[in-house]
Amino acid sequence: AGAEGDDKGMVALVVCPTRELALQVSAHLNKVLSAAFGASDKVNRAVTIVGGLSEAKQLRQLSGNPAVVVGTPGRLWELIETGEAHLVHGLLRLRFVVLDEADRLVEGKGHFRELQLLLARLPVPRWKRIDARGRSVDSTQPPGRSSDASLAKGAKQKRVGREWEKETKGDRGGEWDGVF
């Protein structure tokens, strides 16, 4: 973020299931960011947002517009609900979201509801593509991909077609009259 002169918001959000893991991840990220951007860079750093630590201190850290926020779902959602500007607006501009130990986050020990609410705040990625007539079209599907439903339907049709060919090949001598 700061390397390109854009120090306006979050680039990445890392969600961890526990305070201890969030603190550990944040410490490691800060070592890497410090080596990459310099120890005095206040924008290209990770801040930790977790319960059990001073909310006032965490709000001060967020006011510095850090590029990376590492936190637990409960405290992150708590601050988003209160309208903390860096988090609320940052979610709309995120480039990366990491769910560390995602299996633990969704296993239902209090994290899932806040995580679900947090992820619901993320915008749906929009892709631009050019249709057959040369017009620009917005899509929620990446270029060259179709929905899971149409992929599954296509696979089923191919399977049915192959089975039909196997069944009819012997009866018709391998001919196909175009009726399927």
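Residues are numbered from 1 along each chain as its sequence is written, and side-chain values use heavy atoms, with hydrogens and water left out. In this predicted model, local features need pLDDT of at least 70 and side-chain atom pairs count only at pLDDT 80 or more, while totals for chains, interfaces and linings use all residues.

**Overall layout**

The protein has seven helices and six strands. Helices (H or I, at least four residues) and strands (E, at least two) are DSSP runs, numbered from the N terminus. Read from the N terminus, the order of elements is β-α-β-α-β-α-α-β-α-α-β-β-α. Of the 180 residues, 29% are buried; buried means under 20% relative accessible area, exposed means over 50%, and partly exposed lies in between (1.4 Å probe, protein chains only). Contact means heavy atoms within 4.5 Å. Among contacts between residues at least 6 apart in sequence, 54% join residues at least 24 apart.

**Helix pairs**

Two packed helices are described by the angle between their axes and the distance between the axes. Axes are lines fitted to C-alpha atoms, for helices over the stretch in contact, and angles run from 0 to 180 degrees between N-to-C directions. Angles under 35 degrees count as roughly parallel, over 145 as roughly antiparallel, 65 to 115 as roughly perpendicular and the rest as oblique.

| Helix pair | Angle between axes | Distance between axes |
|---|---|---|
| Helix 3 and helix 6 | about 45° | 8 Å |
| Helix 3 and helix 4 | about 100° | 7 Å |
| Helix 2 and helix 3 | about 70° | 12 Å |

Helix 3 (residues 73-81) packs on helix 6 (residues 111-120) at about 45°, which makes helix 3 oblique to helix 6. The crossing of these two helices is left-handed, meaning that the near helix is turned anticlockwise from the far one by less than a right angle (clockwise would be right-handed). Helix 3 contributes Pro73, Gly74, Leu76, Trp77 and Ile80 to the contact, and helix 6 contributes His111, Glu114, Leu115, Leu117 and Leu118. By class, the residues of this contact are seven nonpolar, two polar and one charged. Ala, Val, Leu, Ile, Met, Phe, Trp, Tyr, Cys and Pro count as nonpolar, Asp, Glu, Lys and Arg as charged, and the others, Gly among them, as polar.

With an angle of about 100°, helix 3 and helix 4 are roughly perpendicular to each other. Leu76, Leu79 and Ile80 of helix 3 meet Leu87, Val88 and Leu91 of helix 4. The residues of this contact are six nonpolar, with no polar and no charged ones.

Helix 2 and helix 3 are also roughly perpendicular to each other. Their contact is made by Glu55, Gln58, Leu59 and Leu62 of helix 2 and Arg75, Glu78 and Leu79 of helix 3. The residues here divide into three nonpolar, one polar and three charged.

In helix 4 (residues 85-93), the buried residues are His86, Leu87, Gly90 and Leu91. Their arc around the axis is only 125°, so they sit on the same side of helix 4; the arc is that of the directions from the helix axis to the C-beta atoms. These residues pack against strand 1 (12-15), helix 2 (55-63), strand 3 (68-71), helix 3 and helix 6.

Leu87, in helix 4, is buried with a relative accessible area of 2%. Not counting residues up to four places away in sequence, Leu87 touches Met10, Leu62, Val69, Leu76, Leu79 and Ile80. Leu76 lies eleven residues from Leu87 along the chain, and their C-alpha atoms are separated by 8.0 Å.

Helix 6 has His111, Leu115 and Leu118 as buried residues. Seen down the axis, they fall within an arc of 60° and so line one face of the helix. They pack against strand 1, helix 3, helix 4, strand 4 (96-99) and helix 5 (102-105). The face turned away from the buried side of helix 6 carries the exposed residues Arg113 and Ala120.

**Two loop residues with positive phi**

Asn65 is found in the loop between helix 2 and strand 3. Its phi is near 55°, a positive value in a residue other than glycine. Asn65 counts as partly exposed, at 28% relative accessibility.

Glu101 lies in the loop between strand 4 and helix 5. The phi of Glu101 is near 55°, again a positive value in a residue other than glycine. At 30% relative accessibility, Glu101 counts as partly exposed.
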